[in-house]
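Please read them with the coordinates open.

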Amino acid sequence: MTGTTRGLRADARRNRQRLLDVAVRAFSERGTDASLEAIAKEAGVGIGTLYRHFPTREALLEAAYRNEVARVCDSAEELLAQYPPDQAMRVWMDRFIDYLATKQGMADALKAVIASGDSDPFAESLDRISTAISTLLKAGAEAGVLRSDVDPLDVGFSLGGILLITTDKGLRDRAGRMLDLLLDGLRHRAV
């Protein structure tokens with residue numbers, strides 16, 4: 001639980017989370033044109049509740065982005081508890097591609113947050129993403145199924161490259177095949 005949500009009543013935490021979930025979809029689909037009133041309505045709360053949690057459009061956008069980063073990064077440990085490390089890596093890569101696709105839809109709106117000079121949500125996210133990938137790679141190396149000589153950022157940028165060439169929704173299957181190729185390159189080979 002983040003410092004922002006600590007101390008909130010359970011219903012307030014649920015309202016905040018619904019607002020973030022709806023905001024991600026709205027900003028991804030409509031960018032900066034997303035209506036805050038529509039976000040509040042779809043989340044099942046009043047506009048006053050939205051503004052109590054997020055006093056500005058930029059605050060909501062940044063919180064939605066950070067929430068998505070946390071969601072995908074935090075899933076690394078959960079996946080390692082459910083799957084062998086190489087399978088956990090593959091499932092996580094799928095989630096990361098989906099996250100990147102969401103971020104791509106929010107890109108213009110996020111640029112406005114950065115331009116305001118108040119915050120750079122990308123700086124913190126790069127560290128979190130690198131840590132998540134490192135966790136997966138380390139577990140795989142310790143299990144003898146993934147290479148130990150891979151820079152986590154190289155994997156992250158490779159995933160970004162896969163997204164760039166498969167942005168068309170019809171190419172999601174191709175992205176999956178490319179993720180399989182990337183994972184194959186990460187596998188440990190006995191010499």
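1. **Basis.** This is a predicted model, where local features need pLDDT of at least 70, side-chain atom pairs count only at pLDDT 80 or more, and totals for chains, interfaces and linings use all residues. Residues are numbered from 1 along each chain as its sequence is written, and side-chain values use heavy atoms, with hydrogens and water left out.

2. **Overall fold.** The protein chain has 8 helices and 0 strands. Along the sequence the pattern reads α-α-α-α-α-α-α-α. Helices here are DSSP runs (H or I, at least four residues; strands are E, at least two), numbered from the N terminus. Of the 191 residues in the protein chain, 41% are buried. Buried means under 20% relative accessible area, exposed means over 50%, and partly exposed lies in between (1.4 Å probe, protein chains only). Take the contacts in the protein chain between residues at least 6 apart in sequence: 65% of them join residues at least 24 apart. Contact means heavy atoms within 4.5 Å.

3. **The annotated span.** UniProt, in an unreviewed entry, places the feature "DNA-binding region" at residues 35-54. UniProt positions follow the numbering used here, feature names are shortened, and annotations may be inferred rather than shown by experiment. In the model, residues 35-54 are 75% helix and 0% strand. The end C-alpha atoms of that span lie 14 Å apart.

4. **H1 against H2.** Two packed helices are described by the angle between their axes and the distance between the axes. H1 and helix H2 (residues 36-43) pack at about 130°, with axes 9 Å apart. Axes are lines fitted to C-alpha atoms, for helices over the stretch in contact, and angles run from 0 to 180 degrees between N-to-C directions. H1 and H2 are therefore oblique to each other. The classes are: under 35 degrees roughly parallel, over 145 roughly antiparallel, 65 to 115 roughly perpendicular, the rest oblique. H1 passes H2 in a right-handed crossing. Right-handed means that the near helix is turned clockwise from the far one by less than a right angle; anticlockwise is left-handed. On the H1 side the contact includes Arg18, Leu19 and Val22, and on the H2 side it includes Leu36, Ile39 and Glu42. The residues of this contact divide into 9 nonpolar, no polar and 3 charged. Nonpolar covers Ala, Val, Leu, Ile, Met, Phe, Trp, Tyr, Cys and Pro; charged covers Asp, Glu, Lys and Arg; the others, Gly among them, are polar.

5. **H1 against H4.** Which angle do H1 and H4 make? Helix H1 (residues 10-30) and helix H4 (residues 57-82) pack at about 95°, with axes 9 Å apart. H1 and H4 are therefore roughly perpendicular to each other. Residues in the contact include Arg16, Asp21 and Phe27 from H1, and Arg57, Asn67 and Glu68 from H4.

6. **Two H4 residues.** Arg57 lies in helix H4. Arg57 counts as partly exposed, at 28% relative accessibility. Not counting residues up to four places away in sequence, Arg57 touches Phe27, Thr32, Ala34 and Leu36. Asn67 is also found in helix H4, but is buried, with a relative accessible area of 16%. Leaving aside neighbours within four places in sequence, Asn67 is in contact with Gln17, Leu20 and Asp21.

7. **Thr49.** Is Thr49 buried or exposed? Thr49 is buried, with a relative accessible area of 15%. Thr49 lies in helix H3 (residues 47-53). Beyond neighbours within four places in sequence, Thr49 is in contact with Asn15 and Leu19.

8. **H7 against H8.** The axes of helix H7 (residues 152-165) and helix H8 (residues 172-186) come within 10 Å and cross at roughly 160°. H7 and H8 are therefore roughly antiparallel to each other. The crossing of H7 past H8 is right-handed. The contact residues divide into 9 nonpolar, 1 polar and no charged.

9. **Arg90.** The place of Arg90 is in helix H5 (residues 85-115). Arg90 is buried, at 15% relative accessible area. Not counting residues up to four places away in sequence, Arg90 touches Gly176, Leu179, Asp180 and Leu183.
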